[in-house]
Amino acid sequence: METLPVLPPPASESPTPGNWARKNLFSTWYNSILTVICLIVSFQVITGIIVWVTTKAQWRVLEANLPLFFVGRFPSESYWRLWIVTGIITLLAGLTWGNIQRQEKLWNPPLLILLGAGVVGAVISPIDLTSRLYLLGNIIIAAASYFVGRQIPPKIMGWMPAVWALSFPVILWLIKGGLGLTEVSTNDWGGLVLTLFLAVISIVLSFPIGVLLALGRQSSLPVVKLLSTLYIEIIRGLPLIGILFLGQVMLQLFLPPEYPKLDRVIRAIAGLTLFSAAYLAENVRGGLQAVPRGQIEAARAIGLNTPLLTLLIVLPQALRTVIPAIGGQFIGLFMDTSLLSLFGMLELIGISRAVLANPSYIGRYAEVYIFIGIIYWVFCYSMSLASRKIERSLGVGQR
């Protein structure tokens, strides 16, 4: 029998930038032409943006209205309450994030860059000295709590959801007032504070409602299944702006005159929650259908009743599967809060329209909306980053 010659392995090029560019950008004559054209167009666009940002844009509109963009018409003498709220959230977020990343390097380059950018931003930001010190204090709290969170055993960190829940009444008391603090009407809430309040409360409420609706649609009880299906299909057949219109304008018309008027923030949260829960229910239902039937039968064989089967076997696997979809739903809900500006609520978009209505700032649309867009992007990207981190920690798509 003739033996085949042993061939050496194919020579591999060293992964240098020049080799990569030759292989991906200049592999053929038409790829070379397209690369050159794209480089010229990109250079012109980037140059135009830099020239506009540095010479033509009038950023005074942002500097003069910075408090409005962040807190709306919240009384300036009560700003310290909002800084305490920020400190509480920063502390809990740092502990949580540090514990999630306890297996990774203590100071990785992205984290160091973020921390450095935060310190530089606090130093050069166009705010008063007191606010600058508060901001630097929150950055220190974030770094310290992140370090402490890495040292806390996971068993103790299991109480963190309860701590987050207990912090909500304190945060609400600081923002709203009462019980010794000057009460601030929701009409004075605005800007980023109102946007985050609406988004966070709607997300927290819509998640359990969506899970219950998904379980109801999968239920073997005909009445529960029918009611859940009707709710989901009716809500999903209506545009969000229509639901918000019913809550903000029409709801009070159907209530008796002697019935107390519901706060507009509560009505807004109700509309966002009910709408998001219907879509979230379908995402969760997809995860429920992905759970192998054999695991359910095995759980029943060892004597688990339906509640334990659902809580311990079905839901953990279903929710793990649909984490990307749930994360996308929450990001969409955060951006959907901008629709409330159509009903006179001064969240981020609403406060921007109010600023642009000032005759001194007419025509400064680009500066204002670029700033607002950056704020939205920072929070949406942070949510996306957190979602991907949870996916990796749970091994979604890997096992």
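User: I am looking at T195. Which residues does T195 touch, leaving out those up to four places away in sequence?

Analyst: T195 touches F334, T337, E347, L348 and Y376. Keep in mind that this is a predicted model. T195 itself is found in helix α10.

User: Is T195 buried or exposed?

Analyst: Start with the cut-off: buried means under 20% relative accessible area. T195 has 0% relative accessibility, so T195 counts as buried.

User: Where does α10 bend?

Analyst: The bend is at S206, by about 25°. A proline, P208, follows within four residues.

User: How should I think about which way helix residues point?

Analyst: An α-helix has 3.6 residues a turn, so residues three or four places apart point the same way. Helices matter for reading this model. The protein has 18 helices and 0 strands.

User: Now pockets. How is empty space found?

Analyst: A probe the size of a water molecule is rolled over the atoms, and this shows where empty space is left. Here, the second largest pocket holds about 490 Å³ of space. The pocket is lined by 15 residues, and the closest to its centre are L215, Q218, R300, T306 and T310.

User: Which elements give two or more residues to that lining?

Analyst: They are α13 (264-290), α14 (293-301) and α15 (306-321). Helix α15 gives the most, with 5 residues.

User: Tell me about T310. What is T310 in contact with, beyond its neighbours within four places in sequence?

Analyst: T310 is in contact with L215, L315 and P316. T310 is found in helix α15. At 18% relative accessibility, T310 counts as buried. The cut-off explains this, because buried means under 20%.

User: Next, cysteines. How many disulfides are there?

Analyst: The test is two cysteine sulfur atoms within 2.5 Å. By this rule the count is 0 disulfides. C380 is buried, with a relative accessible area of 11%. C38 has 47% relative accessibility and counts as partly exposed.

User: What about L39, buried or exposed?

Analyst: Exposed means over 50%. L39 is at 55% relative accessibility, so L39 counts as exposed. L39 is found in helix α2 (residues 29-56).

User: How far apart are L39 and D188 in sequence and in space?

Analyst: Read the two separations side by side. L39 and D188 are 149 residues apart in sequence, and 48 Å apart in space, C-alpha to C-alpha. Take another pair: Y146 and W59 are 87 residues apart along the chain, with 34 Å between their C-alpha atoms. Y146 lies in helix α7 (residues 129-151). Y146 is buried, with a relative accessible area of 4%.

User: Then zoom out. What share of the contacts joins residues 24 or more positions apart?

Analyst: Count the contacts with a separation of 6 or more: residues 24 or more positions apart account for 76% of them.

User: And what are the overall dimensions and burial of the protein?

Analyst: The C-alpha trace spans about 100 × 70 × 45 Å along its principal axes. Of the 399 residues, 35% count as buried.

Terms used. Residues numbered from 1 in each chain as written. Predicted model: local features only at pLDDT ≥ 70, side-chain atom pairs only at ≥ 80, totals over all residues. Heavy atoms only, no water. Buried < 20%, exposed > 50% of the residue type's maximum accessible area, 1.4 Å probe, protein only. Bend = angle between axes of the 7 residues up to and from the residue. Contact = heavy atoms within 4.5 Å. 1 Å grid on protein atoms, 1.4 Å probe; cavity = no way out; pocket = protein on both sides within 12 Å on 5 of 7 lines; lining within 4 Å. Points joined across faces, edges and corners; volume = space filled by probe spheres on them.
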